[in-house]
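Okay, thanks everyone for coming. Let me put the model up and walk you through it.

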Amino acid sequence: RPLSRARVSLQDVKNRQNQNFIITGDDGHFEFLNLPAGKYSLTGAKRGYISAAYDQHEQFSPPFVTRAGVHHEGLTLILVPTALLTGHFFDESGEPVREATVTLWRDDHNAGVSRTVSYRTDQSDDLGSFEFAPLDAGTYFVSAVAKPWYAVHPPSVRQSGATDTPISVDRSLDVVYLPTYYAGATEVEDASPILIRGGDRLALYLPLTHVPAFPAYPRPPPPQTLHAHPPFHPP
């Protein structure tokens, strides 16, 4: 269907400063007149849609050439709605997990190199919910780091000339959440990819299960021995 009030940009490939734009009418029509000969790229954008270039394939789009007597008619720009990704964290009792730090990772193929990079972060609210929007189409991963609200860890008491002495607490409360990846994995290589297409509205549910904490008490570094050097006598 036609998109009105979309912004169409025309840019000279050899001179990026030479750029014109136009806003489409109710019928989605746009027109650029009296163009000098050259190579141009054509891009469309609108709030709520993924920006795209003419004849775009993944990250690449070929320019089109203009010259005297040549008219380009019937060019079509296709814009796909942005996507929305929401989720909800809950614990082993079915209660929401608050203040979980959520990281959205994305597969990146720019410059011919494939890698997974951190894309955005969010924090779950009182209902254990989070949201990422708007999103372009792509392959994503989700990870979460959180602390059980009821967890109690044994502090240490430092006395002069004595080592740290741990204070006993109920072991059932000395627990942590492992870093968790969708869908429930605790190892990064087991994380499930999330394939998002334009216009998708996805909702994820991620359970977090506590495990016993492992106490670690740091020790001070050993004292360093200073070695005396003989005085330096210049020749």
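So, look at strand E8 first, residues 83-90. Buried here is under 20% relative accessible area, exposed is over 50%, and partly exposed is in between, with a 1.4 Å probe and protein chains only. Strands are DSSP runs of E, at least two residues, and helices are runs of H or I, at least four, numbered from the N terminus.

Before I go on, the bookkeeping: this is a predicted model, where local features need pLDDT of at least 70 and side-chain atom pairs count only at pLDDT 80 or more, while totals for chains, interfaces and linings use all residues. Residues are numbered from 1 along each chain as its sequence is written, and side-chain values use heavy atoms, with hydrogens and water left out.

Which strands does E8 pair with? One is E11, which runs antiparallel to E8, with 5 bridges joining the two. The other is E18, in the parallel sense, over 7 bridges. Pairing takes at least two DSSP bridges between two strands. If you want landmarks, Thr86 sits opposite Glu131 in E11, and Phe90 has Pro207 in E18 as its bridge partner.

Now the inside. The largest nonpolar core has 22 residues, and Leu85, Phe89, Leu135 and Val142 have the most contacts inside it. By nonpolar core I mean a set of buried Ala, Val, Leu, Ile, Met, Phe, Trp, Tyr and Cys residues joined through side-chain atoms within 4.5 Å. Among the elements giving two or more residues to this core are E8, E9 (101-108), E11 (129-135), E12 (138-145) and E18 (201-207). There's another core apart from that, of 6 residues, with Phe30, Tyr40, Leu42 and Leu77 among them.

What does it touch, leaving aside neighbours within four places in sequence? The list is Leu104, Phe130, Glu131, Phe132, Leu135, Val142, Ile196, Leu202 and Leu204. Contact, by the way, is heavy atoms within 4.5 Å.

Buried or exposed? Gln11 counts as buried, because its relative accessibility is 18%. Its side chain makes a polar contact with the side chain of Gln19, at 3.5 Å. A polar contact is a pair of N or O atoms within 3.5 Å; within protein, one has to be able to donate a hydrogen and the other to accept it, and residues adjacent in sequence count only if both atoms are side-chain atoms. Beyond four places in sequence, Gln11 also touches residues including Arg16, Lys39 and Tyr40.

Phe32 is in the loop between E2 (19-23) and E3 (38-45). Not counting residues up to four places away, its contacts are Val8, Leu10, Asn20, Phe21, Ile22 and Leu42. Its C-alpha is 9.9 Å from that of His72, 40 residues away along the chain.

Most residues other than glycine have a negative phi, and most peptide bonds are trans. Here the bond from Ala133 to Pro134 is cis, with omega near -10°, and Pro134 is in E11. Tyr182 and Ala183 are joined by a cis bond as well, omega about 5°, with Ala183 in the loop between E16 (180-181) and E17.

For positive phi, there's Arg5, at about 55°, in the segment before E1. Glu99, in the loop between E8 and E9, has a phi near 55° too. Arg5 counts as exposed because it has 61% relative accessibility, and Glu99 is exposed for its 61%.

Last, the whole chain. How many helices and strands are there? The chain has 0 helices and 19 strands. Of its 235 residues, 27% count as buried. Among contacts between residues at least 6 apart in sequence, 63% join residues at least 24 apart.

Over residues 157-162, pLDDT stays under 50, and the model has 5 contacts for them beyond four places in sequence. That's it from me.

Key
pLDDT = per-residue confidence, 0-100.
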